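This briefing sets out the secondary-structure packing and the ligand surroundings of the model shown below. Topics follow in groups.

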Amino acid sequence: MTNLSHLTPIRDHLGRPLQDLRISVMDRCNFRCIYCMPEEKFHSGFNFLNSNERLSFDEIYRLTKLFCDLGIKKIRITGGEPLLRVNLSELIGDLSNIDKIEDIALTTNGVLLKKYAEELKACGLNRITVSLDSIDPDQFKIMTGGRGNLETVLQGINEALLVGFEKVKINAVLKRGTNEDQIIEMVDHFNGQSVIIRFIEYMDVGNLNEWRLDETVGSDEIIKKLSSKWKLEQLDKNYEGETAERFKIVDTETEIGLISSVTKPFCGACTRARLSSDGKLYNCLFASQGKDIRHWIRSGESDDFIRNEIASIWKQRKDRYSELRYSEKGDTTSEKVEMHYIGG
Ligand code: SAM
Ligand code: SF4
Ligand code: SF4
């Protein structure tokens, strides 16, 4: 094998290092969140991947090791709903044994977390993020396209805390006109628990959610709302390139994060590569096309070949969609990969 350690992490065309890998292990989901997989588009006739089209665990493991040779230290497992993938803990156990990996995280809707939290912890998963957009049962049902049961997800979060995951992150997407009252409600509900609530600006990922800018609740508005009830103190970033701005409610341990990809884009710090469930490599959440790595694996290409190709794709990377959207210089009408397929 070529020794690349003196060259890693490799950098893209804009100087950004390759550090994080998001792996979508499943394109299907048991929810139909209105901003991600609206039911009218993702209906029973929707063409999801067949299981043989998805990367196998062995293929994911092999690819992850190659990515690690190029600089990857952090992995996030996502989907669709990753916990729908049978035996996911086994994959996480294998990935956690790769020397260069310092952190493995999972993003889930939490439905199956009560069942799996303990084995995920035992297999070496470091962190969990649960997506939850409302603490009101009826509104939660609306946000999840009629499929979500709030109590099940809350039980999942509790179980994760019980088995020892610390500072579980709760991701909330606000859609104006539907759940923006949750800014105060959710913080009130989780205040005092070992969780970090992160408000994510609703984004124009994919083409099927019919995103409109006026439905995005910007982070300045969120801060203003929160400040009307609590005194907030801004915290330093945990690490260079962290995408969330962090705040703390003064005199409490409650932390709030804001991910402002629409109103304060952070492409300059974007060190993430994304692997879709069927093995395509994407340089950006808003890309139209990915590079088919599965084809190389299944046609018998060597590790050196695949590693070199991945390096070459990253080195050519110029993507900065959100910055271009913000400056109104980008084409926001182009065809974009869907969120359920590439992962958040
Ligand atoms: N199903 C899992 C879940 O919901 O946590 C993992 C995949 S989901 C695609 C990952 C994250 O993307 C979730 O936190 C979700 O809220 C977020 N997301 C999906 N569509 C979005 C959009 N249009 N704008 C902002 N965030 C979005
Ligand atoms: Fe499923 Fe997650 Fe998308 Fe909701 S946000 S539809 S839970 S993939
Ligand atoms: Fe990264 Fe693309 Fe998002 Fe910019 S728009 S932060 S390059 S994923």
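**Helix, sheet and ligand arrangement**

Helix 6 (residues 182-190) lies across strand 5 (168-174), strand 6 (195-201), strand 8 and strand 9, and runs at about 165° to strand 6. Here contact means heavy atoms within 4.5 Å, axes are lines fitted to C-alpha atoms, for helices over the stretch in contact, and angles run from 0 to 180 degrees between N-to-C directions. Helices (H or I, at least four residues) and strands (E, at least two) are DSSP runs, numbered from the N terminus.

This is a predicted model, in which local features need pLDDT of at least 70 and side-chain atom pairs count only at pLDDT 80 or more, whereas totals for chains, interfaces and linings use all residues. Residues are numbered from 1 along each chain as its sequence is written, chains are lettered from A and ligands numbered from 1 in the order in which they are written, and side-chain values use heavy atoms, with hydrogens and water left out.

- An open sheet of mixed pairing is formed by 12 strands in the order 7-8-9-6-5-4-3-2-1-10-11-12; two strands pair if DSSP finds at least two bridges between them.
- Strand 7 (232-235) and strand 12 (291-292) each have a single partner strand, so these edge strands are each left with one side without a neighbour in the sheet.
- Strand 8 (residues 245-249) and strand 9 (residues 255-259) run antiparallel and are joined by 4 bridges.
- Glu245 stands opposite Leu258 in strand 9.

**Helix pairs**

- Two packed helices are described by the angle between their axes and the distance between the axes.
- For helix 6 and helix 7 (residues 219-227), the axes come within 9 Å and cross at roughly 55°. Helix 6 is therefore oblique to helix 7 (angles under 35 degrees count as roughly parallel, over 145 as roughly antiparallel, 65 to 115 as roughly perpendicular and the rest as oblique).
- Ile183, Ile184 and Val187 of helix 6 make the contact with Ile222, Lys225 and Leu226 of helix 7. By class, this contact has 5 nonpolar, no polar and 1 charged residues (Ala, Val, Leu, Ile, Met, Phe, Trp, Tyr, Cys and Pro count as nonpolar, Asp, Glu, Lys and Arg as charged, and the others, Gly among them, as polar).
- Helix 1 (residues 57-69) and helix 2 (residues 88-96) have axes that come within 10 Å and cross at roughly 25°; the two helices are therefore roughly parallel to each other.
- Phe57, Ile60, Tyr61 and Thr64 in helix 1 meet Leu88, Leu91, Asp94 and Leu95 in helix 2, a contact that divides into 6 nonpolar, 1 polar and 1 charged residues.
- Helix 3 (residues 113-122) packs against helix 5 (residues 150-162) at an angle of about 15°, with axes 8 Å apart, which means that helix 3 is roughly parallel to helix 5.
- In helix 3, Leu113, Lys114 and Ala117 meet Gln155, Gly156, Ile157, Glu159 and Ala160 of helix 5; the contact comprises 4 nonpolar, 2 polar and 2 charged residues.

**Ligand surroundings**

- Around ligand 2 are Cys29, Phe31, Cys33, Cys36, Met37, Gly80 and Asn109, where a residue is near a molecule if one of its heavy atoms lies within 4 Å of it. This shell divides into 5 nonpolar, 2 polar and no charged residues.
- Ligand 3 is surrounded by Arg16, Phe266, Cys267, Cys270, Arg274, Cys284, Leu285, Phe286, Arg317, Asp319, Tyr321 and Ser322. The shell around ligand 3 has 7 nonpolar, 1 polar and 4 charged residues.
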